[in-house]
Amino acid sequence: MAIINIQDLVKDYDTNGIAVRALRNVVLTVEKGEFTAIAGPSGSGKTTLLNIIGGLDSPTSGTVHVVGKDLAVLSPKGLSDMRLEKIGFIFQAYNLIPVLTALENVEYILLLQGTGKEERRGRAMRILEEVGLGKEINRRPKELSGGQQQRVAVARAIVSEPELVLADEPTANLDQKTGAGLLDLMHELNHRKNITFIFSTHDRMVMDYAERLISLTDGIIVSDEKKKSRREGAVITKPKKMKSKR
Amino acid sequence: MKIARYGKNMTIFMMISWRNMWRQKRRSLVVISSMAVGIFAMIFSIGFMNGMTVQMVENTINTTLGHIAIHERGYQKNMKLKYNFFPEERYYRALERSNLIKGFTPRVKIKGMISSSETSRGIMLMGIDPEREKTVSSIYHYTIKERGSRYLSDASSDEILISKYLAEKLELEVGDRAVFRIVDENKEMTGFAMRIAGLFESPVEAFDSSVVIAGIKRLQKLSGLGDNVSEISVRTKNKNAVDAAKEYLIRAIPDSHREILSWKDMEPSLIGYIELQDKMIYIFFMIMFITVVFSIANTLIMSIMERFHELGVMKCIGTRPSHIFFMVVFEAVNLGMVGLVAGLVITVPLVLVLGVTGIDFSFAIDAMRKWRIGTMVYPLIFMKDIIAATVTVLITTVVASLYPAGKASRIKPLEALHFI
Ligand SMILES: Nc1ncnc2c1ncn2[C@@H]1O[C@H](COP(=O)(O)OP(=O)(O)OP(=O)(O)O)[C@@H](O)[C@H]1O
Ligand SMILES: [Mg+2]
C-alpha cells in the first residue's frame, strides 16, 4: 500500500483578503522506501506540500492519506502523535533544542515515545555514530557546525525508524560538499533501513541524488520521473533484499 | 501505561526548563533575587512577629498569669476578694504527684490603694510565698538586687516589693513606708503601712503600674482571710504540657467549688491576637507576592518570545501542548524555588543568630513594655513558617506561569517554525 496518497489537493492562503493558491489539484502517491525530491522554484509550493503531508497544515480541499490514515479525521492530538510515531522531520536549519546535547536531542523522540532509558541511550548513540558524530554526542547545538547540526537532525528523524522522513531543504544552509555528505547519509539510511525520504530543494546537485524527481511550478506538478541516483552503485552497495526491521 | 509514560516524560521537561532558566542568566537572576528578597522580608518579619508573640505570652505567664490557676469558682469573672478558698492539703499532694508540673504557689490578691505623701493610686496587692513563688513566676528575677533593694525575706514580714515605675510616680524609695487601704473580708475599710524592701522591673508595663507584692501570711492576717487564698498558680514543665496538666488537675481535684483554668482560658484575647496576627501576615505576603507574579510572568513571556522557533520545532516533532505547558510552569517554579532557597540561605542563619543575640529595642522601650514584650526581641521561626513560605512561592510561581504557559502551549507549530 502507498505510504502517501494525495487526491485533488488544493491549498489556498488568504493574505489580507487576497487568496493565493499555493497548490492546485495535486495528485500524488509515494510508495514505501522511495527517495523522492520535490523540486521547483521559490514559491512553487514545496514547503506547503511537505507541511500538509506532515499534518502541520491542513488542505483547503482534497484528501491526504499518510501511512494509511486520513489526516482530515485526526484531532490535533492525533496529528501530534502521528508526527511523533510515524514521521521524522528535518527542517532547513535550527532543528534542534538548543539546551539539549546532540545525544539528548536524539533521545528526545524516543523518550516521548516511551522507550526505556537503556535502550534509548544505546539507540541514540548508535545512530549518532552512524551519522559520523560518535565523538560529538555531548555537545550542544551551538557547539556544532551547521553540517553537524543537520546530521544530528537526521539522526533524530530516523532514530525511531519512522515510516517517513520529510526534509524541507535540508541542505539549503550548507556548502556544496557538506550538503553532498548529508545526502549520501540520507540515501544510505534510505537503503539500509528502507525508510521513505521526501525532501524539497531547488538545487540541481541535490536533485541528482533523488531516485524520483517531482517538479512543482506554481503549485502544479509539472513532471514526475523515476531516475537513477547520481551516487547509486558508486558509494552505496544496496543489499539484494530490503526488509523493514519491524 | 499511557499515563506512566506521560509522567516519565516530565523529567526531560523539568531538565529542559532548568537549563532554559539559565540561558538568560541576568534576567533570571533578577527574578531570583527579587524572590529571595521577598522571602527574606517574609521570613524575617514572621520570625520577628513570632519572637514578639512568644515573648509577650511568656512575659504574661512569667508575671502573674502562670500556666494554670486554681480559683474559687467565680473568681475569673469577677476578681473580688470574696472568691477565696482554703487550700486543702490534698490539692498540694495532687500537685506534687504530677510530673507535668514544675512548681505551684498560693497567692492572695486584694484590690486597694497605695499612698505616699505625694499621691495615691489604685493597685492590686499580691501576697506571695517568697520561696515557692520562685518556682512559678519571675518576680524574683525582676527584683533589683543592688543599692539596698532586695527580694522579700519571708511571708509574714511587713515588707513589700514595688515597681521602679510606681516608686517614681509615688516618689518613694527603698526603706520608705507606703500606706495602703483595702476593703477586708468583712467589708470593713482598713489601712496599714508597709516598708519597701525592694524594687522590681518587669517587661510588662501593666504589671509594673498596678501590682504591689507583699508576704502572703501578712496579707491574710490584714485582710481577715485567715488561711484562705485567692489562687494557687501552677507552672508546668513546658508550655506543651499545659493542657494535659489541666486535665490531670481537673480529675485530681474534683471539687465543684474550684475552677481550674489554663493561661489560654484566662487570657483569651492573647490567643485571639496571635491568630489575628498569623492571618494578617499571610494576607500581607499574598499581596506582596502579587508583584512577584507580574515579574515572573513578564520574564516568562519574554523567554517564550525568544524561543518561539524552537517551541515550534518541538511541536512539529510531536511534543504535546501539555508538555509545553508544564515546561513553562516548571521554569517558573524553578525560578521561584531557586529564589526561595537563596532567600532561606540568607535569612535562616540570620534569624537563628539574632534569635540568640536578640535585637535591642531599648530606644522604643515604652511601646515595647506596653506590648509586654521587653526591650529585646528574639526572632523565632518555626517549620510551619518555612512550609508557608514554600507554599506561597509555589502558588505564586504557578499562578504567574499559567498565562504564559497557556500561550506557549497553543503556539501554532507552523507559524513558530517560520519565526527565526
Ligand atoms: N503562511 C502563508 N500565508 C500566506 N501565503 C503563504 C503562506 N505560506 C506560503 N504562502 C504562499 O504560498 C506559495 C507557496 O509557498 P511555499 O512556501 O510552499 O513555496 P516554496 O516552494 O517552499 O518556496 P521556497 O523555495 O522559497 O521555500 C507562495 O506564493 C507563498 O507566498
Ligand atoms: Mg519552502
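Are B:Phe85 and B:Tyr91 buried or exposed? I looked both up in this predicted model: B:Phe85 is buried, and B:Tyr91 is buried too. Buried means under 20% relative accessible area, exposed over 50%, and partly exposed in between, with a 1.4 Å probe and protein chains only.

Notes on the model. Residues are numbered from 1 along each chain as its sequence is written, and chains are lettered from A in the order in which they are written. The model is predicted, local features need pLDDT of at least 70, side-chain atom pairs count only at pLDDT 80 or more, and side-chain values use heavy atoms.

Entry on aromatic rings. I searched the whole structure and found 13 aromatic pairs over all chains. Rings of Phe, Tyr and Trp (its six-membered ring) pair if their centres lie within 6.5 Å; planes under 30 degrees apart count as stacked, over 60 as edge-to-face and the rest as tilted. B:Trp18 and B:Trp22 are edge-to-face, because their ring centres are 5.9 Å apart and their planes at 70 degrees. B:Trp18 is partly exposed at 41% relative accessibility, and B:Trp22 is partly exposed at 27%. I then looked at B:Phe85 and B:Tyr91, which form a tilted pair with 6.3 Å centre to centre and 45 degrees between the planes. In chain A, ring pairs link A:Phe35, A:Phe197 and A:Phe199 into a cluster.

Entry on two helices. I looked up α5 (residues 146-158) and α6 (residues 176-193) of chain A, which pack at an angle of about 15 degrees with their axes 10 Å apart. That makes α5(A) roughly parallel to α6(A) (angles under 35 degrees count as roughly parallel).

How values were computed. Axes are lines fitted to C-alpha atoms, for helices over the stretch in contact, and angles run from 0 to 180 degrees between N-to-C directions. Helices (H or I, at least four residues) and strands (E, at least two) are DSSP runs, numbered from the N terminus. Angles under 35 degrees count as roughly parallel, over 145 as roughly antiparallel, 65 to 115 as roughly perpendicular and the rest as oblique.
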